[in-house]
Amino acid sequence: MLRSAHLRESYRAALGVSPGQKLITITSTWSTRSLLGTWPSLFRETLAGLDAETHRVCAVLHPNIWHGHGPWQVHTWLADCIRAGLIVVPPTEGWQATLIAADLVLGDHGATTCYGAGIGTKVLLAAFPDADVVPGSAAGVLGDTAGRLHRHSPLHQQITRALAAPPADAEPVGSALTSCPGESAARLRTLFYRHLNLDEPTSAALVPPIPPGALTVQSRQNATADHVVCTIGDTVHAVRYPAEITGTSATEALLDTACLVVHEDHAQPDLVTKATAVLIEGTDLAEARRRHPTATVLATAAPGDGRILVRDSWQVALHTDSPALAAAAVHTWLATRGDLGTLPPRFVITTGTRTVPVESVVVRRLP
């Protein structure tokens with residue numbers, strides 16, 4: 001991992017983390033006293049409490065969880081989180097790169113959390129069974145030095161404070177993990193050849209970096225469902241929260257003014273029925289109105305030139321790379337300004353680390 005630290009940005013790109021976004025990696029060892037065993041809802045709570053435009057969330061689970069319960073069960077447990085954007089790292093390849101890529105690790109007493117702390121990644125402990133940990137071990141030092149994540153305090157505030165804190169000190173846990181950093185390949189090779197009663201090669205031991213191609217992760221599906229909170233000013237500012245899992249979020253009060261934007265192919269039909277704005281496949285808005293009679297806004301889902309139908313009273317033609325954000329912005333404009341006739345021919349949506357231009361806006365009031 002130390003050998004591969006220079007590839008951090010390549011790992012982040014392979015995980016789909018955009019420049020400026022923060023990557024939160026949640027790690028769990030196995031057993032009933034692990035993070036997954038004691039706080040299984042943490043994956044949902046983390047996703048629900050953070051702006052999806054500024055944060056990405058990864059899950060790194062111990063191989064014994066995968067082998068003990070089976071991949072089907074793991075993916076079933078996390079299916080709604082995956083639909084909401086959770087990146088699930090396979091059990092054997094990619095976990096080291098994910099720790100290198102992370103801005104913050106939420107973990108437990110497992111080795112993976114220790115390795116994250118040992119390379120200098122910030123750590124908050126969400127589970128730590130003191131009775132299971134040997135004092136003075138790497139996990140013991142981790143428990144003595146890392147901050148704790150408190151279940152009954154606002155999660156997003158704790159994560160924000162941890163991200164804003166000074167860089168973590170890797171030395172305490174790192175020195176407990178090894179007394180000879182950077183020498184493991186040579187020392188282990190010598191040990192193995194001695195046990196095999198073979199002559200050790202005279203060439204230097206190889207330590208190849210972890211290839212970014214080792215990260216084969218399941219990406220978010222296109223059939224999304226999001227609460228989008230827009231603020232109209234000189235630009236339109238948008239904040240996005242995954243709709244399927246926001247029920248327990250500390251940000252729920254913000255959702256009173258949100259536009260629920262759901263793709264019509266989303267796996268949860270009641271979200272489509274409840275949606276303020278429905279993204280449709282194809283371009284036939286009239287046919288879409290028959291499929292979704294309760295939607296206030298209908299919008300074509302493909303980036304590029306698209307159309308939006310609002311309350312059967314307004315039709316908007318536009319060009320944008322983010323139809324979901326554009327639909328939410330148009331809905332919020334009408335709700336706050338009362339008239340889409342004032343919508344400018346071009347405007348900008350700022351969201352997280354992105355700036356999304358909306359151009360070629362043509363508004364027509366329907367008879």
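This is a predicted model: local features need pLDDT of at least 70, side-chain atom pairs count only at pLDDT 80 or more; totals for chains, interfaces and linings use all residues.
Local features are reported at pLDDT of at least 70 and side-chain atom pairs at pLDDT 80 or more, while totals for chains, interfaces and linings use all residues. Residues are numbered from 1 along each chain as its sequence is written, and side-chain values use heavy atoms, with hydrogens and water left out.

**Cysteines**

A disulfide is a covalent bond between the sulfur atoms of two cysteines. Here the term is used for a pair of cysteine sulfur atoms within 2.5 Å. How many disulfides does the structure hold? The count is zero.

| Cysteine | Nearest cysteine sulfur | Distance |
|---|---|---|
| Cys 114 | Cys 180 | 17 Å |
| Cys 259 | Cys 230 | 7.2 Å |

Are these two residues buried or exposed? Buried means under 20% relative accessible area, exposed means over 50%, and partly exposed lies in between (1.4 Å probe, protein chains only). Cys 114 has a relative accessible area of 4%, so it is buried. Cys 259 is buried too, at 1%.

Helices (H or I, at least four residues) and strands (E, at least two) are DSSP runs, numbered from the N terminus. Strand S8 covers residues 236-242. Six of its seven residues are buried, so the rest of the structure largely encloses S8.

Two strands pair if DSSP finds at least two bridges between them. Strand S7 (residues 225-232) runs antiparallel to S8, and seven bridges join them. Three residues lie between S7 and S8, and the two strands form a hairpin.

S8 also pairs with strand S14 (residues 347-351). These two run parallel and are joined by two bridges. Here Val 236 stands opposite Ile 349 in S14.

**Aromatic rings**

Rings of Phe, Tyr and Trp (its six-membered ring) pair if their centres lie within 6.5 Å; planes under 30 degrees apart count as stacked, over 60 as edge-to-face and the rest as tilted. The whole structure has one aromatic pair. Its members are Trp 95 and Tyr 115, with ring centres 5.9 Å apart and planes at 25°, so the pair is stacked. Trp 95 lies in helix H7 (residues 95-101) and Tyr 115 in helix H8 (residues 111-118), so the pair ties together parts that are 20 residues apart in sequence. Tyr 115 is partly exposed, at 34% relative accessible area.
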